[in-house]
Amino acid sequence: MLSYPYHYYWQEQNVLFSDVYRLFGHFYYYQYAGPILQCVAFVVILLVIGHIPYLVLRRMRLRRCAIVVLILVFISDIYYTYLHSPFNHNYKPYQYGLSHRDFEKTLSVEMEYYFGNYHNVLQNVHNVGIQNVVISFYYYLASAHLGLLPDNLLKISPKELGTLQTIGEDTALAIINMMNDLYYSVGDMTYAERAAMMSCVFSPNNINMKMLKRLAEVNLVSGDTLAAMKYIRYLSKSSIYREWAVEHTPGHTMSERVRMDIESKRRYLNNSDTLRLGDNCRVILTELLKSNPRNEIALDYLLCTDLLLKDIELFKRDYDKYYLERGLERQKELYQQALVIYLAGTDATEEQWSKYITMPYVKKRFAEYNKCRGSQDFKETYWYYFDKE
């Protein structure tokens with residue numbers, strides 16, 4: 001069932017209503033309860049807010065009709081300002097060029113990733129019936145966490161890994177908000193922190209608690225406790241994030257789950273001492289792999305980016321350097337299909353075929369593909385993508 005993400009989105013973006021939406025948040029996993037409870041919560045807020053000017057105006061001895069009119073004007077002004085004002089950048093139901101309902105579906109995918117429900121992300125993407133850069137981005141990122149990025153690379157479109165994106169003054173806000181998740185997942189805390197900072201700076205009127213959490217996580221992984229505590233103390237002042245802040249506070253209050261997650265991220269840290277002029281993701285990924293060859297997420301993103309660019313020679317070099325020479329045992333059919341293209345194009349010897357192609361049926365299927373190149377029967381293969389897309 002599609003889960004409605006209103007409580008998550010408002011909780012992250014609008015502090016005025018966050019506490020109320022937190023109270024009703026767990027109901028929003030149900031398709032029809034969400035909108036109803038949203039209205040109920042909003043009415044409760046308006047009644048509380050409207051009671052104060054009512055008492056003031058009563059002391060001024062105004063007629064009841066005048067009081068009602070003034071209160072209605074006051075409430076409508078709040079409603080317009082916080083919900084539908086064109087100057088309010090915190091709530092944009094038509095971001096990404098989508099209808100309101102498609103925007104909800106996109107947020108449902110993003111929400112599942114936010115809570116770490118990677119299997120639900122994959123299921124939701126196949127259920128929502130729409131595809132855009134945000135959905136593709138989180139579909140691939142969730143697949144990478146599950147070790148399935150090469151298996152799922154060709155299953156949806158557009159094919160947006162995020163590795164070819166850069167962050168600048170002309171970058172779409174949707175892209176800026178996503179990039180910290182990519183860098184944090186592959187293990188580059190410097191650029192995860194930079195992306196989170198830019199998400200805060202480039203968002204007009206932004207009150208983005210999600211990015212404050214990411215900044216705290218980045219500094220915990222990097223070992224900068226003082227910087228992490230700056231954000232944790234801020235989050236601890238909120239009734240919504242107080243529990244999260246306690247769990248992430250270094251010391252005896254840190255939960256074992258959080259401690260294990262931080263330790264696992266530290267194994268993939270970039271220990272290269274370099275200066276970068278920009279967020280060139282290829283440089284980031286190769287440095288991460290030099291620091292830790294077992295970083296499977298970074299490896300899959302590097303190889304899959306080569307394949308999306310259809311740069312078979314670069315893919316072959318990266319495969320040899322970061323995969324084959326380091327004795328990794330993971331065998332992915334997508335990589336085997338790409339290697340077949342390289343071997344066939346370079347008139348490789350039988351010895352080379354035996355070295356690279358360890359799935360015998362791949363070579364047999366390639367022979368079948370060559371008999372009817374571009375056939376829809378092979379649409380799920382890399383050969384079809386290489387020839388037709």
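Lys 210 forms a salt bridge with Asp 181, and the closest N and O atoms of the two are 4.0 Å apart. The partners belong to distant parts of the chain, since Lys 210 lies in helix α11 (residues 209-222) and Asp 181 lies in helix α9 (residues 173-186), 29 residues apart. A salt bridge here is a side-chain nitrogen of Lys or Arg within 4 Å of a carboxyl oxygen of Asp or Glu. Helices (H or I, at least four residues) and strands (E, at least two) are DSSP runs, numbered from the N terminus. The model is predicted, with local features needing pLDDT of at least 70 and side-chain atom pairs counting only at pLDDT 80 or more, while totals for chains, interfaces and linings use all residues. Residues are numbered from 1 along each chain as its sequence is written, and side-chain values use heavy atoms, with hydrogens and water left out.

Both Lys 210 and Asp 181 are buried, where buried means under 20% relative accessible area, exposed means over 50%, and partly exposed lies in between (1.4 Å probe, protein chains only). This pair also belongs to a network of salt bridges that links Glu 110, Asp 181, Lys 210, Arg 214 and Glu 217. Helix α11 is itself mostly covered, with 13 of its 14 residues buried. Just after α11, Gly 223 takes a positive phi of about 90°.

Side chains of opposite charge can pair when their charged atoms come close. The side chains of Glu 247 and Arg 257 meet at 3.1 Å, N to O, with Glu 247 in helix α13 (residues 242-247) and Arg 257 in helix α14 (residues 256-266), 10 residues apart. Glu 247 counts as partly exposed because its relative accessibility is 24%, whereas Arg 257, with a relative accessible area of 55%, is exposed. The side chains of Asp 387 and Arg 373 meet at 2.8 Å, N to O, and this pair joins helix α21 (residues 382-388), which holds Asp 387, to the loop between α20 (360-371) and α21, which holds Arg 373, 14 residues apart. Asp 387 counts as partly exposed at 32% relative accessibility, and Arg 373 counts as partly exposed at 48%.

Helix α16 (residues 296-308) has 13 residues, which should span 18 Å at 1.5 Å a residue, and this agrees with its end C-alpha atoms being 18 Å apart. Because 12 of the 13 residues of α16 are buried, the helix is largely enclosed by the rest of the structure. Among the buried residues of α16 are Leu 299, Tyr 301 and Asp 306, and Cys 304 also counts as buried, at 0% relative accessibility. Just after α16, Lys 310 takes a positive phi of about 60°. Cys 372, at 32% relative accessibility, counts as partly exposed, and a search of the whole structure finds zero disulfides, a disulfide being a pair of cysteine sulfur atoms within 2.5 Å.

Definitions and conventions. Expected span 1.5 Å × (residues − 1).
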